[in-house]
Amino acid sequence: MDGGSGDDQDAADNPPRKKRYHRHTPQQIQELEALFKECPHPDEKQRLDISKRLNLETRQVKFWFQNRRTQMKTQLERHENSILRQENEKLRSENLSIRDAMRNPICTNCGGPAVLGEMSFEEQQLRIENARLKEELDRLCALAGKFFGRSIPSMPSVPLMPKSSLDLGVGGMPTSLPSASADLMHGPAGGRTGNIIGIERSMLAELALASMEELFKMAQADETLWIPNLDAGKETLNYEEYMRQFPSTITPKPIGLATEATRETGMVITNSLNLVETLMDVDHWKEMFPCMISRAATVDVISSGMGGTRNGALQLMYAELQVLSPLVPAREVYFLRFCKQHAEGVWAVVDVSVDGLRDNSPAGFMKCRRLPSGCLIQDMPNGYSKVTWVEHAEYDDRGVHRLYRSLLNSGMAFGAQRWLATLQRQCECLAILIATANVPARDPTAIPTPNGRRSMLRLAQRMTDNFCAGVSASTVHTWNKLSGNIDDDVRVMTRKSVDDPGEPPGVVLSAATSVWLPVSPQRLFDFLRDERLRSEWDILSNGGPMQEMAHIPKGQDPGNCVSLLRASAMNSNQSSSMLILQETCTDASGSLVVYAPVDIPAMHVVMSGGDPAYVALLPSGFAILPDGPECRPLALNPTGNGVGVNSPRVGGSLLTVAFQILVNSLPTAKLTVESVETVNNLISCTVQKIKAALHCEDA
């Protein structure tokens with residue numbers, strides 16, 4: 001036998017005797033098995049080495065490897081055959097069960113035999129679909145349990161199938177789902193729902209849970225994740241550690257997008273419940289951050305929370321985030337907002353973009369997307385809350401003007417510092433207004449009645465909101481670039497005001513520009529808000545100082561206030577009939593000076609507590625931002641005498657100047673070249689006067 005490995009030296013002397021086989025020793029077999037695992041197909045050289053090492057013939061080694069390979073193949077085939085037999089038996093059993101069920105259908109209502117004959121193929125498919133939907137419901141209820149922190153029953157005690165055998169399928173699902181899972185799958189009754197199917201809702205719920213976990217860790221992480229920058233007093237995200245700790249929550253980062261990540265912690269004078277309600281209500285959220293949000297809407301409510309609270313609330317939102325300058329494109333984001341209570345007095349609200357989950361998202365949304373961002377809120381004594389804000393985003397910076405690149409790269413334009421500073425200022429303002437609502441006024445410039453103060457504050461808020469909404473590069477605005485005297489960066493746009501009692505009717509021309517000034521933001525803000533220095537830049541002041549007729553403080557900083565100004569008469573024969581309503585606000589992220597001419601009779605009505613909605617306003621003003629941490633020419637110090645060699649660097653300012661002017665009282669009128677030139681000259685002259693007053697004409 002050629003395939004054997006025996007000794008044939010006695011074959012010629014004694015042919016009838018059987019051939020003796022050479023049996024390999026256990027040591028040889030063990031060595032051959034080890035070599036077979038490393039190399040099942042040894043070549044001639046390897047077989048020669050093996051034969052010498054094991055004291056075997058080369059032919060014996062060759063045949064052993066051939067037999068071992070044949071044995072291995074036989075074992076694999078035997079195993080595969082066993083698996084196929086099992087699957088075949090399973091399919092045969094299922095087939096028999098289906099045939100038996102078709103021959104003996106059972107009524108799902110009474111449990112007795114059905115009288116409708118054999119089950120149709122369509123009915124079989126509907127039963128299978130119902131089983132699949134039940135599995136999906138069980139999975140969603142388990143997911144809802146994670147949201148609400150309690151077990152959610154998947155099916156109530158009602159029959160699965162309807163009474164009519166004709167209503168099989170999806171309609172056979174129970175109509176009285178438990179409240180939590182119903183909120184998760186279908187949203188509250190009467191809400192803006194129906195845009196997302198159940199399967200996608202479960203994907204969004206899973207995304208929300210993962211984002212909440214990431215936010216919680218990033219808000220509490222130590223120096224391994226956030227590297228402190230002692231010089232700038234800020235933190236930098238360690239991206240290598242971030243990628244190690246957190247898997248990608250959404251789709252991979254698109255090519256060409258820049259990344260920014262910031263974190264800020266501070267005390268806010270409000271409790272956690274009020275703050276959570278503000279963040280989850282889109283209208284209150286927009287009112288709280290008018291300088292940062294130009295447009296916002298709730299697209300779909302997936303869950304409204306449980307037990308009358310916002311715990312577990314999940315909703316799909318759209319927002320347009322802005323910088324108050326026409327030179328910085330607004331950021332459109334389509335995101336998921338999820339709120340969860342982690343402990344008594346501890347809440348968290350997280351946002352995360354969902355562009356990667358929706359095939360029908362507009363292409364413009366991908367210019368910016370938010371990675372898990374939001375805030376962790378913890379109640380503190382005396383009505384305060386400790387807020388840790390995290391902002392993490394990817395954005396397209398190619399359309400940003402060079403003046404603002406440093407600001408955006410630092411994260412100060414859309415980062416956590418700006419969100420938290422604005423929140424602190426707004427909450428402080430609300431607290432002061434509530435505390436002094438019914439306190440009699442002692443200041444001679446104060447409005448005596450509480451109703452009068454409230455009406456004037458409402459008018460000032462509408463004025464500031466109008467200014468903020470009209471000065472940014474929102475997608476609803478069409479700015480046209482003019483050739484002017486300020487680096488060709490004056491932008492204008494027109495709109496028609498019709499049937500709006502809060503604006504004069506006609507054609508409104510808006511003009512805005514942004515410039516860099518070597519002056520600290522604080523000094524620039526103090527100069528522009530001072531009514532005694534207004535004549536140095538405002539042509540409406542008649543060349544003289546303004547007199548403050550009324551004053552309402554809105555914060556501990558004297559720069560946060562609402563004022564009513566009157567232009568002083570230049571001589572005894574001249575009387576001034578013009579009033580200017582002005583609101584100024586400032587915080588660590590920037591400052592605003594907004595004003596508008598107002599009619600004296602209308603202001604008398606407002607100060608008496610009348611409705612301010614019918615006072616026509618066209619606000620103008622200034623937005624002041626720091627110029628970012630990157631090196632620029634050193635700014636002038638507050639005294640205006642320059643900076644010495646050993647003096648600390650004083651940051652410059654990014655100033656946006658914006659005007660709104662009624663160029664024609666007829667809404668159907670067309671814009672003329674003369675009107676555009678007039679506004680262009682006005683804005684150019686104002687900027688030049690500000691530079692001259694601050695001794696920085698060469699900036």
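Start by selecting strand E7 (residues 314–321) and strand E8 (residues 331–343): these two are antiparallel and share eight bridges. Keep in mind throughout that this is a predicted model.

**Stop 1: around E8**

Pick Ala-319 first. Its bridge partner in E8 is Val-333. E9 runs antiparallel to E8, and eight bridges join them. For a pair to display here, take Arg-337 and its bridge partner in E9, Asp-351. Then zoom in on the connection. E8 and E9 make a hairpin, with two residues between the strands.

**Stop 2: colour by confidence**

Switch to pLDDT colouring. The protein chain averages 79, and 76% of the residues score at least 70. Residues 1–12 fall below 50; this stretch has 18 contacts in the model beyond near neighbours in sequence. Next select residues 357–365. There pLDDT also stays under 50. The model gives this stretch 15 contacts beyond four places in sequence. Where pLDDT is low, predicted coordinates should not be read in detail.

**Stop 3: the nine-stranded sheet**

Which strands make up the open sheet, and in what order? Select them across the sheet: E13-E14-E15-E21-E20-E19-E18-E17-E16, nine strands with antiparallel pairing. The edges are strand E13 (480–482) and strand E16 (546–553), each pairing on one side only. Ignoring direction, neighbouring strands are turned by 20° against each other on average.

Show strand E17 (residues 561–567), which runs antiparallel to E16 and is joined to it by seven bridges.

**Stop 4**

Bring in helix H12 (450–471). H12 lies across strand E14 (490–497), strand E15 (506–517), E16, E17, E18, strand E19 (590–598), strand E20 (620–626) and strand E21 (653–664). Its angle to E18 is about 70°.

Now select helix H13 (residues 521–529). H13 lies across E15, E18, E19, E20 and E21. Against E20 it runs at about 165°.

**Stop 5: the second largest pocket**

To find it, select Glu-287, Gln-426, Leu-430, Gln-461 and Lys-554, which lie nearest its centre among 24 lining residues. Helix H8 (272–280), helix H9 (282–288), helix H11 (416–435), H12 and strand E18 (579–587) each give two or more residues to the lining. Which element gives the most? H12 does, with six residues.

Colour this lining by class. There are nine nonpolar, seven polar and eight charged residues.

**Stop 6: the largest cavity**

How many cavities of 30 Å³ or more does the whole structure hold? The search finds four. Go to the largest, with a volume of about 140 Å³. Select Cys-291, Arg-418, Gly-590, Ser-591 and Leu-625: of the 15 lining residues, these lie nearest the centre of the largest cavity. H11, E18, E19 and E20 each supply at least two residues of this lining. By class, the lining has seven nonpolar, five polar and three charged residues.

Finish with H11 and E18 on screen together. Both contribute to the lining of the second largest pocket, and both contribute to the lining of the largest cavity.

Methods. Residues numbered from 1 in each chain as written. Predicted model: local features only at pLDDT ≥ 70, side-chain atom pairs only at ≥ 80, totals over all residues. Heavy atoms only, no water. 1 Å grid on protein atoms, 1.4 Å probe; cavity = no way out; pocket = protein on both sides within 12 Å on 5 of 7 lines; lining within 4 Å. Helix = DSSP H or I, 4+ residues; strand = E, 2+ residues; numbered from the N terminus. Nonpolar A, V, L, I, M, F, W, Y, C, P; charged D, E, K, R; others polar. pLDDT = per-residue confidence, 0-100. Contact = heavy atoms within 4.5 Å. Pairing = 2+ DSSP bridges. Axes fitted to C-alpha atoms, helices over the stretch in contact; angles between N-to-C directions. Points joined across faces, edges and corners; volume = space filled by probe spheres on them.
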